[in-house]
Amino acid sequence: MTLRLARTVLAAVLPFLALPPAVAQEPVKVGLILPMTGPFASTGRQVEAGARLYWNQHCQTVAGRPVELIVRDDAAEAASSRRLAQELVVRERVHVLAGFGLTPLAFSAAPVATQSKTPMVVMAAATSSITEKSPYIVRSSFTLPQVAAPMGEWAAANGLKRVVTLVTDYAPGLDAEAWFKKTFEAGGGAVVESLRAPLQNPDFSAFLQRVRDAKPDALFVFVPSGVGSSLMKQFETRGLKEAGIKLIATGDVTDDDILNDMGPAARDTITTHHYSAAHESPENKAYVEAFGAANGGARPNFMSIGGYDGMRLICAALEQTKGNTDGDALLAAMKGMQWESPRGPVAIDPDTRDIVQSVYVRRVEERDGQLYNVEFDRFDKVADPGKAN
Ligand code: DHB
């Protein structure tokens, strides 16, 4: 063979030699179950946008396998969450279940995770006991005791003596009510009345009238994401602000998704929470910019960060198992994992499978003509206190 011919042959053969072996890499499937329609659709939108952002940036393939996100709308109906979880596991053969916008929806789907040994990453719902409903649940959001206990401590330490609590009447509200009271009273304060408003179509006016009559130093509130606007409006129109009653709350009330539309009524509200779009760090600045760019300028709220970090948790676990999707292997990889989130440093407690994180004390202030939760104090490495019970 002449040298020229050898070169020609080599040139023809080389591209084929360089090809990877023709084994199709099976996709890893992640099923996101979220309220995409109905009264809690903003939660679904924010969680999905956060999860998609992380996926776009870092997780389209992991350990050589493509990663597929499958989104299903449970419209905040608990029966649908369970049925969709079953369908995703049995028909779509998803390797991970994720999402879960409200506590009853997570409770409903939990047995499916246990029976099928499928990791279930709770990205939103925040009642303490959720992680106890299945050994396959890991949480990337927060818990109500985790943010309400620091509020009670802060309120007692900052001169508040008599407080009325007002929460939405379901599991996370009862968690918030109990843990605020516990730490506030341990610090010397007194909860003089505990009010509960319904989850469906709440009208706060009668409750707020009672608060006005009780003349406490402050009103402590928990309502789920998206509901804070009407509470805030009625707090002002019922004259509570004018009467000098302070508004303190978990950060669910001054949700970044709706805060800017609340107007001046929201100003000076003090809240405790794990995420603010105004959190000052290079990681958060990049997150807020990327989220806005991908979502028509929208501001990410605390629900989005549960989606973003939850997706990160799934991908990091898959990297650690080198693409092995066995449920027990993924759970083992998730336990004890820690990373720097846009919200600050976080870790998964290997015993409770709940997230350990900083909880910030924030005040609603105007920055560049927009309302933000501006952090001014911080509790570090807060685990869910509800688990000690
Ligand atoms: C839950 C829902 C919310 O929208 C929120 O802000 C906190 C908790 C829940 O149902 O667990």
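Leaving aside its neighbours within four places in sequence, which residues is threonine 168 in contact with? In this predicted model, those residues are Gly173, Leu174, Ala197, Pro198, Leu199, Phe222, Val223 and Pro224. Threonine 168 itself belongs to strand 7, which runs over residues 162–168, and with a relative accessibility of 2% it counts as buried, because buried means under 20%.

The C-alpha trace spans about 100 × 45 × 35 Å along its principal axes. A compact globule of 389 residues would have a radius of gyration near 21 Å, and the 24 Å found for the protein chain agrees with this.

Apart from neighbours within four places in sequence, glutamate 185 is in contact with Ala190 and Val191. Glutamate 132 lies 53 residues from glutamate 185 along the chain, and the C-alpha atoms of these two glutamates are separated by 27 Å.

The ligand comes next. There are 15 residues around the ligand, and Thr103, Ala126, Tyr170, Ser225 and Asp252 are the ones that come nearest. Threonine 103 places a polar side-chain atom 2.5 Å from an oxygen atom of the ligand, and aspartate 252 likewise has a polar side-chain atom 2.5 Å from a ligand oxygen. In serine 225 it is a backbone N or O atom that lies 2.8 Å from an oxygen atom of the ligand. On its own the ligand has 300 Å² of accessible area, and the protein covers 100% of it.

Aspartate 256 sits in the loop between strand 10 (246–250) and helix 9, and its relative accessible area of 5% makes it a buried residue. Beyond its neighbours within four places in sequence, aspartate 256 is in contact with Ser276, Ala277, Arg299, Pro300, Asn301, Tyr372 and Asn373. In the case of serine 276, which is 20 residues away along the chain, the C-alpha atoms are separated by 7.2 Å, and in the case of alanine 277, the side chain of aspartate 256 reaches the backbone nitrogen at 3.0 Å.

Aspartate 268, in the loop between helix 9 (259–262) and strand 11 (270–273), has a phi near 75°, a positive value in a residue other than glycine. Arginine 353, in the loop between strand 13 and strand 14 (355–367), also has a positive phi, of about 60°, although it is not a glycine. Aspartate 268 counts as partly exposed at 49% relative accessibility, whereas arginine 353, at 11%, counts as buried.

The last stop is helix 12, which covers residues 327–334 and in which Gly327, Leu330, Leu331, Ala333 and Met334 are buried. Seen down the helix axis, these buried residues fall within an arc of 160°, so they line one face of helix 12. An α-helix has 3.6 residues a turn, which means that residues three or four places apart point the same way. Among the elements covering the buried residues of helix 12 are strand 4 (96–99), strand 5 (120–122) and strand 6 (137–139), together with helix 11 (302–320) and strand 13 (344–348). At the start of helix 12, a side-chain oxygen of aspartate 326 reaches to within 3.3 Å of the backbone nitrogen of aspartate 328, and the helix is followed by glycine 336, whose phi is positive, near 85°.

Key: Residues are numbered from 1 along each chain as its sequence is written. This is a predicted model: local features need pLDDT of at least 70, side-chain atom pairs count only at pLDDT 80 or more; totals for chains, interfaces and linings use all residues. Side-chain values use heavy atoms; hydrogens and water are left out. Buried means under 20% relative accessible area, exposed over 50%, partly exposed in between (1.4 Å probe, protein chains only). Helices (H or I, at least four residues) and strands (E, at least two) are DSSP runs, numbered from the N terminus. The arc is that of the directions from the helix axis to the C-beta atoms. Contact means heavy atoms within 4.5 Å. A polar contact is a pair of N or O atoms within 3.5 Å; within protein, one must be able to donate a hydrogen and the other to accept it, and residues adjacent in sequence count only if both atoms are side-chain atoms. A residue is near a molecule or strand if one of its heavy atoms lies within 4 Å of it. Accessible areas come from the Shrake-Rupley method with a 1.4 Å probe; for residues, only the protein chains shown count as cover. The radius of gyration is taken over C-alpha atoms; the globule rule is 2.2 Å times the number of residues to the power 0.38.
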